[in-house]
Amino acid sequence: MDKSALQIARAAYQPKLPKGLQGVVTLKEGKPTQSVGDQDEIKKLFPNTYGLPLVEFVPSEDKASDAGNKTMNVGVILSGGQAPGGHNVISGIFDGIKKLNPANKLYGFLLGPAGLVNHNYVELTAEIIDEYRNTGGFDIIGSGRTKLEEVEQFESGLKILKELNINALVIIGGDDSNTNACVLAEYYLAHKTGIQVIGCPKTIDGDLKNDQIEASFGFDTACKTYSELIGNIERDANSAKKYWHFIKLMGRSASHIALECALETQPNIALVSEEIQEKNMSLDDVVDYIAQAVADRAAEGNNFGVALIPEGLIEFIPAVKKLIAELNDLLSSAEYANDAPADRIEWLNNKLSADNAPVFASLPRAFAEQLTGERDPHGNVQVSLIETEKLLSQMVAKKLEKMKAAGQYVGKFAAQHHFFGYEGRCAAPSNFDADYCYALGVSASELIARGKTGYMAIVKNTTAPADQWIAGGVPITMMMNMERRSGKMKPVIRKALVELDGKPFKTFAAQRDEWKKNTCYTYPGPIQYWGPAEVCDRTTETLRLEQTK
Ligand code: FBP
């Protein structure tokens with residue numbers, strides 16, 4: 001395999017580990033836990049994995065690990081969207097289990113949970129692992145979005161796990177995948193299979209966090225990658241002074257990425273979906289807000305600007321959200337399947353309720369097509385395929401024409417469009433993600449060695465230098481509550497949306513009017529791997545603000 005100079009140098013990077021995971025490791029158990037909500041229901045659904053204690057790894061003076069050195073084989077699965085650092089979680093697990101006993105083996109299931117169900121796997125040897133240390137991507141074993149939730153899948157998985165003599169499975173995924181990891185842990189425990197299941201918090205979206213999980217891995221690198229690009233665009237905008245750049249940022253539902261990038265780059269506008277929902281804003285309200293900012297800047301002679309738009313925005317505009325819910329029902333109906341209409345848009349126009357039909361009719365045709373396109377495996381709109389940035393800029397242009405005619409706007413408006421998502425999901429992990437992920441992997445191996453199941457590996461105190469980080473595990477049931485999903489109440493890990501009374505949003509809100517009117521851009525530049533710690537080991541602003549008391 002040909003390698004770039006950076007790849008070669010970066011392969012030699014030794015991730016920093018918390019003190020508690022260096023040398024001989026000892027486990028400290030906390031008090032029994034309970035779920036964040038709906039305790040009785042969650043306890044009933046998870047009788048074997050409910051109420052387990054929080055655990056922490058602490059340095060030990062002992063000569064040998066309290067986990068002993070029994071042989072153990074481990075399987076690993078990457079689930080869902082790529083996130084920088086996945087390869088380091090896997091190398092952390094590998095090094096962790098080999099340290100406990102060199103005879104231990106690690107198997108990777110290919111292309112996500114489907115690899116377990118369909119028995120596609122590879123043994124991850126030292127040679128393979130060394131090729132992937134500190135690299136971005138999930139290509140070591142690939143990823144996939146198959147949901148692990150049916151008993152037949154659990155049983156099929158069990159067969160191959162038994163055949164390979166695997167005693168523990170690590171599922172690296174987001175909130176849904178970790179919820180499913182917990183269901184699987186409970187099932188394997190209840191059926192006395194002897195197989196443990198451990199989760200790992202992954203997603204660039206940053207929405208898998210709570211009192212126990214400070215950040216999901218990949219968020220740091222993805223945001224820094226996007227912020228570099230946004231900073232470059234800001235400098236271009238401020239040099240040419242002739243374009244408004246509309247930049248959509250990934251994140252599916254939550255606006256954590258857009259908010260973090262705003263804190264990093266101080267754009268003229270950054271929309272936060274959670275706020276738009278809270279204020280019950282319509283699409284027109286959002287357009288008016290942007291158009292007014294364009295007009296105000298034009299009045300000062302600034303016919304340029306940068307606007308950040310979170311990917312999930314349209315689902316948070318209450319009227320559009322209602323429309324999407326009805327579209328989902330109509331598109332999955334037997335009537336739609338039987339009619340198989342040649343013109344989907346016209347068919348929907350005729351079927352929509354009186355409330356939703358005018359909202360649908362007001363959308364440009366291209367956008368209506370995207371909104372009614374193929375759903376993801378969970379029946380959700382694929383927000384990454386919807387060009388919200390173009391919709392907004394077209395609507396803003398129309399609004400500005402009207403304002404011009406009414407003498408409320410004098411200026412020129414030309415828009416450029418960008419969508420940053422895939423650009424950052426496989427970037428080479430920042431030092432933070434490289435260290436954090438490696439520690440998560442080692443932590444997972446130590447949890448396994450102690451027979452834990454139904455836990456997620458965690459690392460806390462992450463705004464301190466890495467050797468002061470605290471590694472351990474949290475019972476997954478502790479993070480659960482009951483929520484309605486596809487019409488049924490289900491136990492799920494609570495998704496973390498942007499908190500409007502949280503420090504990151506408040507810090508942004510206190511400055512945004514200044515950024516909107518004036519040109520206050522900041523230029524974060526590319527991720528640095530070598531150099532002063534304040535540059536190379538910096539966390540996200542979100543994490544710094546959330547963890548500063
Ligand atoms: P995960 O939640 O699985 O980590 O994926 C996040 C994400 O990157 C979203 O930000 C985005 O909407 C989606 O994946 C895109 O999915 P796909 O890779 O299937 O296009």
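**View 1. The salt bridge between Lys-209 and Glu-546.** Lys-209 and Glu-546 are joined by a salt bridge, with 2.7 Å between their closest N and O atoms. The term denotes a side-chain nitrogen of Lys or Arg within 4 Å of a carboxyl oxygen of Asp or Glu. By this rule, 1 salt bridge is found across the interface of domain 1 and domain 2. This is a predicted model, in which local features need pLDDT of at least 70 and side-chain atom pairs count only at pLDDT 80 or more, while totals for chains, interfaces and linings use all residues. Residues are numbered from 1 along each chain as its sequence is written, and side-chain values use heavy atoms, with hydrogens and water left out.

View 2. Contact (heavy atoms within 4.5 Å) links 17 residues of domain 1 with 22 residues of domain 2. Together the two domains bury about 1,500 Å², of which 52% is on carbon and sulfur atoms. Buried area is the accessible area (1.4 Å probe) that two parts lose on being put together, summed over both. Of the area that domain 1 buries against domain 2, 34% is supplied by Ile-204, Asp-205 and Asn-431, more than by any other three residues.

**View 3. The ligand between two domains.** Domain 1 and domain 2 both contribute residues to the shell around the ligand, so the ligand lies between them. The ligand is surrounded by 13 residues, the closest being Gly-81, Arg-145, Asp-205, Glu-311 and Tyr-422; a residue is counted if one of its heavy atoms lies within 4 Å of the molecule.

**View 4. Atoms facing oxygen atoms of the ligand.** A polar side-chain atom of Glu-311 is 2.7 Å from an oxygen atom of the ligand. For Arg-145, a polar side-chain atom lies 2.9 Å from a ligand oxygen atom. Gly-81 instead places a backbone N or O atom 2.8 Å from an oxygen atom of the ligand. The ligand taken alone exposes 480 Å², and the protein buries 83% of that; these accessible areas come from the Shrake-Rupley method with a 1.4 Å probe.

Notes. Polar contact = N/O pair within 3.5 Å; in protein donor to acceptor, adjacent residues only side chain to side chain. Domains from an automatic or database assignment.
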